[in-house]
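Hi everyone, thanks for coming. Today I'd like to walk you through one structure, a piece at a time. Please have a look at it on the screen.

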Amino acid sequence: MKTPILSLFKDNRLVTATVSALGATLCIWTLAAIDTGMDSPYVLIAPFGATMVLIFGVHHSPLAQPKNVILGHIITAIVGLLFVNYLPVTSLTLGLAVGFGLFFMLLFDVTHPPAGGNPLLIMLGGHTSWTFLLHPILIGTLAIVALAVLYHRLIPGHIYPYFEKKE
């Protein structure tokens, strides 16, 4: 009896891991290539590596959905920029910035764990310009979501974005 292709993708851990890793590789490679072609602003930041784990590894998770990816990163970047521009960078303000970022992601129901690193990246990296919200945050997250949507459409049985049916 021949195994249906959809079942092969769903039930085989090796295939799932390979497909997920390939998606993450292609997405980060694309962002890095964009960075290479640009003179100053960049679209690739370390928290986006963790975003790959969710978007390609567990794409059905509510934490991996486009709303969470985009707004989670934007909210925590705003928090980081507010802190770095108006308060000294100390161990307390670093902790408070991450805490406030989490607070607002939970409040607005857009939790995306990798975005929790944005205040640290911004504050420790000395990123004080509000253009950081445009690039890398907005351009990067929009590119990530677009690439993920395209990639998942090529994979049998993958649905992204995934909308859970409410009863």
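Let me begin with a word we'll need: a residue is called buried when its relative accessible area is under 20%, and exposed when that figure is over 50%, with partly exposed in between. Also keep in mind that this is a predicted model.

Let's start with helix H3. In H3, the buried residues are Pro47, Phe48, Thr51, Met52, Leu54, Ile55 and Phe56. What do the buried residues of H3 pack against? Their partners are H2, H4, H6 and H7. H3 has 12 residues, so at 1.5 Å a residue it should span 16 Å, and the 17 Å between its end C-alpha atoms agrees with that.

Setting aside neighbours within four places in sequence, Ile55 is in contact with Ala64, Val69, Ile144, Ala148, His152 and Tyr160. Ile55 also turns up in the largest nonpolar core, a group of 32 residues. Ile55, Phe56, Ile144 and Tyr160 are the ones with the most contacts inside this core. Where do the core residues come from? Helices H2, H3, H4, H5, H6 and H7 each supply at least two. And which helix gives the most to this core? That is H4, with eight residues.

On to the aromatic rings. How many aromatic pairs does the structure hold? There are six. In one of them, the rings of Phe56 and Tyr151 have centres 5.6 Å apart and planes at 80°, so we call the pair edge-to-face. This pair links distant parts of the chain, because Phe56 sits in helix H3 and Tyr151 in helix H7, 95 residues apart. Both Phe56 and Tyr151 are buried.

Another edge-to-face pair is formed by Phe103 and Phe104, at 5.0 Å centre to centre with 80° between the planes. Are these two buried or partly exposed? Phe103 has a relative accessible area of 46%, so it is partly exposed. Phe104 is partly exposed too, at 29%. If you look around them, you'll find a cluster in which ring pairs link Phe83, Phe100, Phe103, Phe104 and Phe108.

Next, charges. In general, side chains of opposite charge can pair when their charged atoms come close. How many salt bridges does a search of the whole structure find? It finds one. The side chains of Lys67 and Asp109 meet there, at 3.8 Å from N to O. Lys67 lies in helix H4, while Asp109 is in the loop between H5 and H6, so the pair ties together parts that are 42 residues apart in sequence. As for accessibility, Lys67 is partly exposed at 43%, and Asp109 counts as exposed at 52%.

Finally, let's visit a polar residue on the inside. Asn118 is found in helix H6, which runs over residues 118-125. Its relative accessible area is 0%, so Asn118 is buried. What does its side chain pair with? A polar contact of 2.9 Å joins the side chains of Asn118 and His73. Not counting residues up to four places away in sequence, Asn118 touches Ile45, Pro47, His73, Thr76, Ala77 and Ile137.

Technical notes:
Residues numbered from 1 in each chain as written. Predicted model: local features only at pLDDT ≥ 70, side-chain atom pairs only at ≥ 80, totals over all residues. Heavy atoms only, no water. Helix = DSSP H or I, 4+ residues; strand = E, 2+ residues; numbered from the N terminus. Buried < 20%, exposed > 50% of the residue type's maximum accessible area, 1.4 Å probe, protein only. Polar contact = N/O pair within 3.5 Å; in protein donor to acceptor, adjacent residues only side chain to side chain. Contact = heavy atoms within 4.5 Å. Salt bridge = Lys/Arg side-chain N within 4 Å of Asp/Glu carboxyl O. Core = buried A, V, L, I, M, F, W, Y, C linked by side-chain atoms within 4.5 Å. Expected span 1.5 Å × (residues − 1). Phe/Tyr/Trp six-rings, centres within 6.5 Å; stacked < 30°, edge-to-face > 60°.
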